[in-house]
Amino acid sequence: MMREKLSVSVIGATGIVGQNYIKLLRNHPWFQVTDVAASSRSEGKSYAEAVRNKWQMSVNIPENIKNLIVREAHDIDSIDPQIKFVFSAINLPSKEDVKELELNYARKGIPVISNNSAHRWTPDVPMIIPEINPEHINVIPIQQKNRGFSKGFVAVKPNCSIQSYMAPIYSLQKAGYKVDKMIVSTLQAVSGAGYPGVSSLDMIDNIVPFIGGEEEKSEMEPLKILGTVGEKGIINDDSIKISSTCTRVPVTDGHTACVNIKFQEKIPSKDEIIDIWRSFRAIPQELSLPYAPEQPIIYLENENRPQPKKDRDNDKGMAVTVGRLRKDQVFDYKFVALSHNTIRGAAGGAILNAELLLKKGFI
Ligand code: NAP
């Protein structure tokens, strides 16, 4: 359908999420990475040299990326004018600096699709999971008008820890079973902390029961994702109350969540819930977007699944895998959900956002 691939940039290209972009985009039918940027530590080096001691992917660095010279991410003036948009996987000490940096790209007319949390609470910035709230991209013209941007904008994807249960919850709400309350306990992989991340002495034979800022994100971000587009930006849906505990566990990739849910009124049967999950399809599947999983929610009957090692790569790491649905003595039901944090929860999720934005004419 597309004659020429669009040239894209990855900023923060040398980190864990950045490396995932390089890996996942190496055979992408619509996009090709032609620009990489990171900190002044990597500036001026070839990409291969910059990641020489920290390449974590299971594939070799693609040949067409190895010799790209790393740009300093703040040096926007020297970006190739052919770049159509930027994937941001940047991590700066201050969120305000990330906000400003991403807005500077947008000011320059370059759309930014970000993994960083800096703009997740900016009301005129959409926070998209394409299976759930694709209509939130309609806030982009409001953002462009508010800020005087011509064709640039910032769009973000939400936190990795909520990915495994948001589609299961949304699909139930869409089927008419409104959720009232949830208690979520996550067991999050070490790759979620970036590279070098958490020290091995803290992680081996251990569980760390605190991840800074994560519980706040997982209690608040769903409210924006389930919200509606208003005149000035997204209006949150605060009808669900969420309480979460987030822990770091010695797993390389794949965030697991144990979820208890209470419905507002109508309570579905177990068979209905499994049927709703298995038959759930949305815009990415209807549009056959290249990075869309065929079946966004996979339900496994085996009582010892999902497991990170066995299930995180389901449907190229883009499906969420759910199991252990059972009655809860305190709430109505409980289940275990899993998603790949650096694919569905980061680079893959953002690539799907870019595909949606391209199909809908925003880039
Ligand atoms: P990371 O491994 O620490 O990588 C950070 C990247 O930012 C590197 O490319 C680094 O470049 C660059 N950087 C650091 N300081 C910089 C500076 N002063 N100026 C310009 N560039 C700078 O982090 P990550 O795990 O990939 O995460 C990246 C972002 O995605 C974070 O906002 C994170 O919260 C978010 N995220 C991560 C995950 C996950 O599972 N890991 C999931 C969802 C969202 P150098 O190599 O040159 O230092």
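1. What volume does the largest cavity have? About 60 Å³. A cavity is a set of points on a 1 Å grid over the protein atoms alone where a 1.4 Å probe fits but cannot get out. Grid points are joined across faces, edges and corners, and a volume is the space filled by probe spheres set on the points.

2. This is a predicted model: local features need pLDDT of at least 70, side-chain atom pairs count only at pLDDT 80 or more, and totals for chains, interfaces and linings use all residues. Residues are numbered from 1 along each chain as its sequence is written, and side-chain values use heavy atoms, with hydrogens and water left out.

3. The search of the whole structure finds 1 cavity of 30 Å³ or more. Lining residues have an atom within 4 Å of a point. For the largest cavity they are Ile129, Glu131, Gln163, Ala167, Pro296, Met318, Val320 and Arg344. By class, 5 are nonpolar, 1 is polar and 2 are charged. Here Ala, Val, Leu, Ile, Met, Phe, Trp, Tyr, Cys and Pro count as nonpolar, Asp, Glu, Lys and Arg as charged, and the others, Gly among them, as polar.

4. Look next at helix α6, residues 163-174. Helices are DSSP runs (H or I, at least four residues), as are strands (E, at least two), numbered from the N terminus. Of the 12 residues of α6, 11 are buried, so the helix is largely enclosed by the rest of the structure. Buried means under 20% relative accessible area (1.4 Å probe, protein chains only). Gln163 and Ala167 are among the buried residues. Just after α6, glycine 176 takes a positive phi of about 100 degrees.

5. The largest pocket holds about 1100 Å³ of space. A pocket is an open set of points with protein on both sides within 12 Å along at least five of seven lines. Its lining has 47 residues, with Ala89, Ile90, Asn91, Ala193 and Gly194 nearest the centre. They divide into 15 nonpolar, 21 polar and 11 charged. Domain 1 (6-159 + 347-359) and domain 2 (161-340) both contribute, so the largest pocket lies between them. Domain bounds come from an automatic or database domain assignment.

6. The second largest pocket has a volume of about 400 Å³. Its lining takes at least three residues from each of domain 1 and domain 2. Helix α1 gives the most, with 3 residues.

7. Alanine 73 sits in the loop between β3 (71-72) and β4 (85-88). Its relative accessible area is 1%, so alanine 73 is buried.

Definitions and conventions: Buried means under 20% relative accessible area, exposed over 50%, partly exposed in between (1.4 Å probe, protein chains only). The expected span of a helix is 1.5 Å times one less than its number of residues.
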